[in-house]
Amino acid sequence: MKVTVSSLVPALKSLGARRRGPMKKLGLALGGGGAKGLAHIPMLEVLDELGLRPHRIAGTSIGAVIGALYASGLSGARIREGVRKMVITRGDSFREALRKKDALKWIQFMDLEFGRHGLFKGDKFIGFLYDAMRARTFEELQIPLRVVATDFNTSEQVILDSGDLLDAIKASMGLPGVFTPVTRGGRVLIDGGGVNPVPYDVLDDCDFVVAIDVMGDLRRDAPRVPNLFRAVLGTFDIMQKSIIVEKLKHVSPDIYIRPAITGVDILEFYKADEIYEMAKPAVRKLKQALEKVL
């Protein structure tokens, strides 16, 4: 089953689809997907261009990261610029890469932990987020935010929307085997994609909901046997896509956007320009869909 904007928008099942009158409280759901989550940024730029301010944002994993930056008051353009300074792209020469002093910070993000819990602790990345958005708690954000994580022991969805913000983001992006789980409130929390990869259904207090699914597709090149790392990540991706497909059978957001992103692994942030290019058709669809309801 391939989910597209054209197939979903005419057949909306959510409560928002049955409402009449202008959009009031806009809810924005940003899904997980590792580096593919950079595709959220041009979507945010569309909201900025149209002068739309979400009433509430919900995010899972990288969606929680981008959502928190946006909720803290940064525009889509400023987030894009921050990524540009941090990421060394394939188009950079070695000399150009060295000029990007901030890009060297990515080396510091490799917060390795060769223990039994995960490859990365994530503390240094979270520290970078704090420097970027200057918000320690949910209460300091300009736009209310809900962050989705998974309780490892009970398999339950956990919605975090108060207290320590950075700890919540770290929990939501706790991909098993990659990032170290977070203990919070007596729970062991891991990546929210395990229960809700695109959390549009937690925005029930909004009148109109836009969901951005950046899961993308597996590589379309010749079949190959994945190594252990890719096998684990690929299996998690497959599980998340299955969750999304099943959830869409029961409830849909008012606008559902799924950029056609292929050939991007979870940590390939250096492919930022490629991701933005692949997201362009979806950006146009989002703008057109929003203009119809404004």
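**Note on a predicted structure**

1. The side chains of arginine 187 and glutamate 156 come together in a salt bridge, 3.5 Å from N to O, where a salt bridge is a side-chain nitrogen of Lys or Arg within 4 Å of a carboxyl oxygen of Asp or Glu. Arginine 187 belongs to strand E6 and glutamate 156 to the loop between E3 and strand E4 (157–160), so the pair ties together parts that are 31 residues apart in sequence; helices (H or I, at least four residues) and strands (E, at least two) are DSSP runs, numbered from the N terminus. Arginine 187 is partly exposed, with a relative accessible area of 31%, and glutamate 156 is partly exposed with 39%. Here buried means under 20% relative accessible area, exposed means over 50%, and partly exposed lies in between, with a 1.4 Å probe and protein chains only.

2. Before going further, please keep in mind that this is a predicted model, in which local features need pLDDT of at least 70 and side-chain atom pairs count only at pLDDT 80 or more, while totals for chains, interfaces and linings use all residues. Residues are numbered from 1 along each chain as its sequence is written, and side-chain values use heavy atoms, with hydrogens and water left out.

3. The mean pLDDT of the chain is 80, and 74% of its residues reach 70 or more; pLDDT is the predictor's confidence in each residue, from 0 to 100. Over residues 1–20 the pLDDT stays under 50, and for this stretch the model has 30 contacts beyond four places in sequence, a contact being heavy atoms within 4.5 Å. Residues 92–122 also have a pLDDT below 50, and that stretch has 55 contacts in the model beyond near neighbours in sequence. Where pLDDT is low, the predicted coordinates should not be read in detail.

4. The structure holds 15 salt bridges, and side chains of opposite charge can pair when their charged atoms come close. One of these bridges joins aspartate 205 and arginine 146, at 3.4 Å from N to O. This pair links distant parts of the chain, with aspartate 205 in the loop between E6 and E7 and arginine 146 in strand E3 (residues 145–151), 59 residues apart. Aspartate 205 is partly exposed at 26% relative accessible area, whereas arginine 146, at 14%, counts as buried. Both residues take part in a network of salt bridges that links Arg56, Arg146, Asp204 and Asp205.

5. Glutamate 246 and lysine 249 also meet through their side chains in a salt bridge, at 3.3 Å from N to O. Glutamate 246 counts as partly exposed at 39% relative accessibility, and lysine 249 is partly exposed with a relative accessible area of 47%.

6. Which residues of the largest nonpolar core touch the most other members? In this core of 66 residues, they are Val210, Ile212 and Leu286; a nonpolar core is a set of buried Ala, Val, Leu, Ile, Met, Phe, Trp, Tyr and Cys residues joined through side-chain atoms within 4.5 Å. Helix H11 (residues 272–293) gives the most to this core, with nine residues. Apart from this core lies another, of 13 residues, among them Val198, Leu203, Met215 and Leu248. Leaving aside residues up to four places away in sequence, valine 210 touches Leu26, Gly27, Leu28, Ala29, Ile255, Leu286 and Leu290.

7. Tyrosine 200 and tyrosine 256 are both buried. Lysine 247 lies over the face of tyrosine 200, at 4.2 Å from the ring centre; a charge sits over a ring if NZ of Lys or CZ of Arg is within 6 Å of the ring centre and within 35 degrees of the ring normal.

8. Finally, the backbone angle phi deserves a look. Most residues other than glycine have a negative phi, yet phi of serine 61 is near 55°, a positive value. Serine 61 is placed in the loop between strand E2 (56–60) and helix H4 (62–71), and at 9% relative accessibility serine 61 counts as buried. For serine 155, phi is positive too, near 65°; serine 155 lies in the loop between E3 and E4 and counts as exposed at 55% relative accessibility.
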